[in-house]
Amino acid sequence: MAGTFTTSMARNMFFGGTVFFLLVFLALTFQNEQIIPQRDQRAQLDANPAIAAGKKLWETNQCIGCHTLLGEGAYFAPELGNVYKRRGPEFIKAWIKTQPTNTPGRRQMPQFNFTEQQLDELVAFLKYVSEINTSNWPPNIEG
Amino acid sequence: MQYKSQAVARLYFIAAIGLFVAQILFGLIMGLQYVVGDFLFPAIPFNVARMVHTNALIVWLLMGFMGAAYYMVPEESETELFSPKLAVLMFWVFLAAAALTVLGYLLVPYAGLAKMTGNDLLPTMGREFLEQPLPTKVGIVVVALVFLFNITMTVLKGKKTAISLVLLLGLWGLALFFLFSFYNPDNVVKDKFYWWWVVHLWVEGVWELILGAILAFVLIKVTGVDREVIEKWLYVIVTLTLITGIIGTGHHYYWIGTPEYWQWWGSIFSALEPIPFFAMTLFAFNMVNRRRREHPNKAATLWALGTGVMSFLGAGVWGFLHTLAPVNFYTHGTQITAAHGHMAFYGAYVMVVLTMISYAMPILRGRAANPGKAQVAEMWAFWLMTVSIVFITLFLTAAGILQIWLQRVAATPMSFMDAQDQVALFYWMREWAGVVFLTGLVVYITSFFVKGETAKA
Amino acid sequence: MNPGQLALAETPALRPGFAIGAAHSRQPPGDLAIWVFILAELLAFGVFFISYAVTRLHNVALFDAMQLTLDRNAGALNTVLLIAGSWCVARAVAAIKADRRAAAADFLLGAIACGGGFLVVKLFEYSAKFEAGINLATNTFYMFYLSLTFFHFMHVILGMVILLAVWLKARHGAYSAAEHHGMETGASYWHMVDLVWLVLFPLVYVMR
Amino acid sequence: MNARQLDLIFAALVIGTGITWWLGETGHAGPAAVVAILAIAAVKGMLIIRDFMALRGIGFFWPAMVMGWLLLVQGIILATYWKGH
């Protein structure tokens, strides 16, 4: 019966197509897992526990609620994936310590009361992220 | 209302609209903070307002989906819900969890909230959209599983239609992919990679199944077109959605440390992602044009058509604008993403939930459709909200283009904050468009209280 | 996708039973659902092919050099296997139209065997590449070579799964001269897999 | 389409493949070879579409879609090779 369009065939197409493309996606994911060790700086994570501690500080203070990290997050405050390269460790620590600026009308960053050790951990995290191979993104140092 | 147990949907719809209001209010706070930086600081810093804005959105859409499922499934399966009591219980659990979480965000500093709620046991907090404390995340899983159990049992004991099958698959997929929110490795690349399995595979994957099922259900009801025709369209649309959307996940894997082949796979398949949305637009208009009855609920039909058009514009067109890797290199992480996010979420998910509410709420209140005046008010709300979201999107797009130019393309690039100052005018215009949106929302809520002559459902 | 086609299939006059001449002469063989899927697949492959060609334009030296490292004999052998598979499927449909049910099933089995042969040859080809340490990140040419051939490889598997289902039904006598809708549906998909390879082989393996 | 015709088409497809393979093996390159290879591929594709897929004589839409796909893709490929020559 040329030209009919049966619901059962449409359903088969839906299931078959979905399973098929899921499998292709899983294969691409498998390949991804094999290649990222060359790009994700995982050796640093093992060598320096401060990075993981810094990531936790990054998360529990919800930095992503204002900033982006490798372009993901909120777009209210600067990109921090490359802030280590843009500003350097001392500037980052000094900046965090002096917040908020309390300049009237300007966007404000809260004071988080980090210890010196915590600041170092955050910097270690940001240094690690800045060294991930992001295919040359962002286009320039301003992020 | 054909089945008594459908009544539980009403609770979910009311709560959804309540959270919708909260979402918009916090959106307006954030919008103002973009231009008056110290507004409400330090009481409500931007990150807190944003968490409430996005989390309220997610929760109210989930409430809407659950309400829709509780309404649709008995009618599709031609049987009462497996357990209406469980549905009501889960509603209160979910609402309480949502309320406690929002209060936690607003009243406790986030780091303190993390400590209080056992984030040290299994660190999952502090990632975009997945900010919920561990107990809330576990709660979401429990509520979702009980909900799925209830719905699945109902389908199993009754008639199995294509619509309930697609709906169930979407809902199960939603629960399944949420499990990746518990995976948070120290490796930032892997963290981000699997984070998208929640976020992308939700909004550009399984949620679209739910969207398609809801739209198909309402179209059957308001147009009277043969179920067979509508179900075939539904299958075609959801097939196209998944064959483009699953690998389309790759468009998030361009610049986060993942290999470069994703630039090709992501670009090619996400470039095809507008097709299912276009099919959805054709679907909605085609069915309405071929309608076999004049349903008294004109507003619901309007919302259904609106979903078709706006999801195509927001998700399809605005998504395509910045999905190709060479373009995304410049647009990634700018206001362009925000522009797309606003229109896509509104056009696809907000509108489809409002379509369902518009169709089902009058029936749940014992009438076939709202009185004429109430429908006129609702249609005013439709246009106010839709037009203002279009303008919000256009202003954010303009802001994004200017931002990219100043900060990323110009010969002497500006710093982020300097560029932000330059685009402030667009942020002001966006905020005013947001005020119009709130007006539309107020009109929308008012429409529920407009009285007049009605026919019995 | 043409919405009119979907609508058309619903018109009672074109339903089986009413379907005379007109329906047969205006619609492709098999179920329209598979044709929607075929068009979507062709689109994806088409965009992939064009991406390859445009990227090659910017890396002619790399692509020409890398193309020489491919196993053209394996590619040609696979082309013949796919063509043979397609021919078997076409003969199967011709056989069932003459109500030669056993022959139809045998031809389908032949097509499945051809598909299996394709997979084996391809696996030898892949294992040589993998042993040389080649993956999707090696260079742009290999990214395309592996992506295109792997995506197609998966389609061959899917096509074989479909043919296997059709063959099982055919063996149980589910198809006849009067009713072979399902077989035509599977056949159409398989021909698409073949058609795509007929573009892929010269493009990736031969043209320089 | 009877069996004999199908067999002939099969033979033509194999011969076409052989010529393409031979052009590759003997190192033919450049515009003439590209045009020849694309032309062979186009003929093979048309035979598949018309006779194996059996889209011959079923009106305009479906053959136009599939043949249009083939010719469009091949046309663009040809254009890029032409420009890159």
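Start by selecting chain A and looking at its contacts: of those with a separation of 6 or more, 63% are between residues 24 or more positions apart, a contact being two residues whose C-beta atoms, placed from the backbone, lie within 7 Å. Keep in mind that this is a predicted model, where local features need pLDDT of at least 70, side-chain atom pairs count only at pLDDT 80 or more, and totals for chains, interfaces and linings use all residues. To find your way, residues are numbered from 1 along each chain as its sequence is written, while chains are lettered from A and ligands numbered from 1 in the order in which they are written.

Stay with chain A and colour by secondary structure. You will see 6 helices and 2 strands, in the order α-α-α-β-β-α-α-α from the N terminus; helices (H or I, at least four residues) and strands (E, at least two) are DSSP runs, numbered from the N terminus.

Next, show chain B alongside. The contact takes 58 residues from chain A and 63 residues from chain B. On the chain A side, select H1 (7–35), H2 (42–47), H3 (49–60) and strand E2 (72–73), each of which supplies at least two residues. H1(A) gives the most, with 14 residues.

Now bring in chain C. Here 19 residues of chain B are in contact with 16 residues of chain C. On the chain B side, H8 (227–248), H9 (261–271) and H10 (274–289) give two or more residues each, and H8(B) has the largest share with 7 residues.

Time to zoom in on the backbone. Most residues other than glycine have a negative phi, and most peptide bonds are trans. In chain A, pick A:Trp137 and A:Pro138, joined by a cis peptide bond with omega of about -5°; A:Pro138 is in the segment after helix H6 (116–130).

Then move to the loop between H1 (8–35) and H2 (46–77) of chain B, where B:Pro42 sits. A cis peptide bond with omega of about 5° joins B:Phe41 to B:Pro42. In that loop you will also find B:Leu40, whose phi is positive, near 65°. B:Leu40 counts as partly exposed because it has 16 C-beta neighbours inside 10 Å.

For a last stop, select B:Phe129, in the loop between H4 (110–116) and H5 (134–157) of chain B. Phi of B:Phe129 is positive too, near 70°.

Conventions. Buried ≥ 20, exposed ≤ 12 C-beta atoms within 10 Å, placed from the backbone.
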